[in-house]
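Visitor: I am new to this structure and would like to learn how to read it feature by feature. Could you show it to me, and then take my questions in turn?

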Amino acid sequence: MPVRLRHAYEEDTSLTDPRRHIPRTDALLALAQDTPLAAHALKSLARTTQDACRRHLIPPHAAEAYFLALVGKGVASMTPVLNATGVVVHTNVGRAALAPEAVDALVDAAGYVDVEMDLATGRRSRNRGAGARDALLAACPAAEDALVVNNGAGALLLANAALAEHGRVLISRGELIEIGAGFRLPELIESARVELVEVGATNRTHPHDYERAASGASAILKVHPSNYRVHGFTAEAGVAQLRHIADAHELSLIVDTGSGLLRPDPALPDEPDTTTALRAGADIVLFSGDKLLGGPQAGVILGRKDAVERLRRHPLARAVRVDKLRLAALEATVRLRNTPTSAALHADPDKLRTRADALAAALQERGTEACVVPHDGRVGGGGAPGVPLAGWAVAVDQSLAEPLRLQRPAVLGRVHDGALLLDLRCIPPARDAELARAVAEAGQP
């Protein structure tokens, strides 16, 4: 076999390539012998570290520290975030933040609990989720019964399957919506083995549009359009009007309010709520638990007892069943007087200004340029689109955005007009000093 001779002008990459200095897997693993992580998890983190070196994200001499930092994060890969965007129900960072009491309930439920056990008799119970159900009914007296499933999409799927399977469901063309990540509700609904019948026009749907299509149908579905509004020459049929049509043709009336207000909120005057929809005649009202309710991800179903019981007995109910952790957190959330979500939505602008002034002053003392500017927060999560939440933000150099995102906890602000805006609306006041330290450290060379 011929031997290739290296010319004098050719570089010996075996000596100069920095990748030669990437630590071996066994050398990295030896650094973490006393951690609780399993061997396969440690090997995965070692490969991640080596890959970061190969991609020149970190120099080889920093590999050991990088690996140990990954190990130090523990068994979970998700990074805690300080949400300084001003968006209360921020889908990208997990929507609603749980109240401390709900977190405690969730932790307690992580062990063995009587989720399907009657402790008095020592036998299996059929009252799974009874605590959450009772809490919801106490908070919403207009409902006769309640059921909790894994998420809002699951609730919508189950409602259509149980009340209109193999039948026709009437829905306004203006409510055939697509939400985040390309998720289209019509496709979900049709997977429940129902036929969607579009009525009306995109901007105007009248009661007579439903009336004309009602013969032979099984249900009427009214969906909150969530992330958008149609303004100008518009019309829609209200729940009370749809109730009359449903009664005349023996149809079920399903209302998806989406964002999850249990009762009217003066701060969000146009946002639909469960109590009003039920009193207007809805058989079933459903919404997501991790939006305006301020709880964990869940699909909450409230309505007439016979209708909810049909959902509970449908075979699909088992497939969308909610776990014990979220049942515990949801029950605690509903029983609370206030939640972090509610507090952020109704934050006093004057108090936000006082906190913003204090943060800006603290940053200036640490040598970071900062000033306070007006800034409207947003509800987020499809709730009350376009409704401003008056407040204030601290503006710092936009170059701090990336280093702040890479800290732990990560700090997420809003980059706008060449500045990084830090809105304290969703930051617990007790963490203002922590935020100030994080920003000051991110600005250090």
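**A guided reading**

Guide: The chain has 18 helices and 17 strands, where helices (H or I, at least four residues) and strands (E, at least two) are DSSP runs, numbered from the N terminus. This is a predicted model, in which local features need pLDDT of at least 70 and side-chain atom pairs count only at pLDDT 80 or more, while totals for chains, interfaces and linings use all residues. Residues are numbered from 1 along each chain as its sequence is written, and side-chain values use heavy atoms, with hydrogens and water left out.

Visitor: What share of the 445 residues of the chain counts as buried?

Guide: Buried means under 20% relative accessible area, exposed means over 50%, and partly exposed lies in between (1.4 Å probe, protein chains only). Of the 445 residues here, 46% count as buried. The C-alpha atoms fill a box of roughly 90 × 60 × 55 Å, taken along the principal axes. Contact means heavy atoms within 4.5 Å, and among contacts between residues at least 6 apart in sequence, 74% join residues at least 24 apart.

Visitor: How should I read the packing of two helices, and at what angle do α5 and α14 pack?

Guide: Two packed helices are described by the angle between their axes and the distance between the axes. Axes are lines fitted to C-alpha atoms, for helices over the stretch in contact, and angles run from 0 to 180 degrees between N-to-C directions. Helix α5 (residues 100-109) packs on helix α14 (residues 324-335) at about 150°, with the axes 8 Å apart. This makes α5 roughly antiparallel to α14, given that angles under 35 degrees count as roughly parallel, over 145 as roughly antiparallel, 65 to 115 as roughly perpendicular and the rest as oblique. The crossing of α5 and α14 is right-handed; a crossing is left-handed if the near helix is turned anticlockwise from the far one by less than a right angle, and right-handed if clockwise. Among the residues that meet are Ala 102, Ala 105 and Leu 106 in α5, and Leu 325, Ala 328 and Ala 332 in α14. By class, this contact of α5 with α14 has eight nonpolar, one polar and two charged residues, where Ala, Val, Leu, Ile, Met, Phe, Trp, Tyr, Cys and Pro count as nonpolar, Asp, Glu, Lys and Arg as charged, and the others, Gly among them, as polar.

Visitor: Is α6 roughly parallel or roughly antiparallel to α14?

Guide: The axes of α6 and α14 come within 8 Å and cross at roughly 25°. That makes α6 roughly parallel to α14, and the crossing is left-handed. Residues including Ala 132, Leu 136 and Ala 139 in α6 meet residues of α14 that include Leu 327, Leu 330 and Val 334. Helix α6 (residues 130-139) has Ala 130, Ala 132, Arg 133, Ala 135, Leu 136 and Ala 139 as its buried residues, and their cover includes β4 (145-149), β12 (299-303), α12 (305-313) and α14.

Visitor: What is a nonpolar core, and how many residues has the largest one?

Guide: A nonpolar core is a set of buried Ala, Val, Leu, Ile, Met, Phe, Trp, Tyr and Cys residues joined through side-chain atoms within 4.5 Å. The largest has 38 residues, and those with the most contacts inside it are Leu 136, Leu 170, Tyr 210, Ile 220, Leu 302 and Leu 330. A second, separate core of 32 residues includes Val 149, Ala 162, Ile 177 and Ala 192.

Visitor: Which backbone features deserve a look, and where does His 166 lie?

Guide: Most residues other than glycine have a negative phi, and most peptide bonds are trans. His 166, however, has a positive phi near 65°; it lies in the loop between α7 (152-164) and β5 (168-172), and it is exposed, with a relative accessible area of 63%. Arg 193 also has a positive phi, of about 60°, and lies in the loop between α8 (185-190) and β8 (195-199). A cis peptide bond, with omega about 0°, joins Arg 408 and Pro 409, and Pro 409 is in the loop between α17 and β15.
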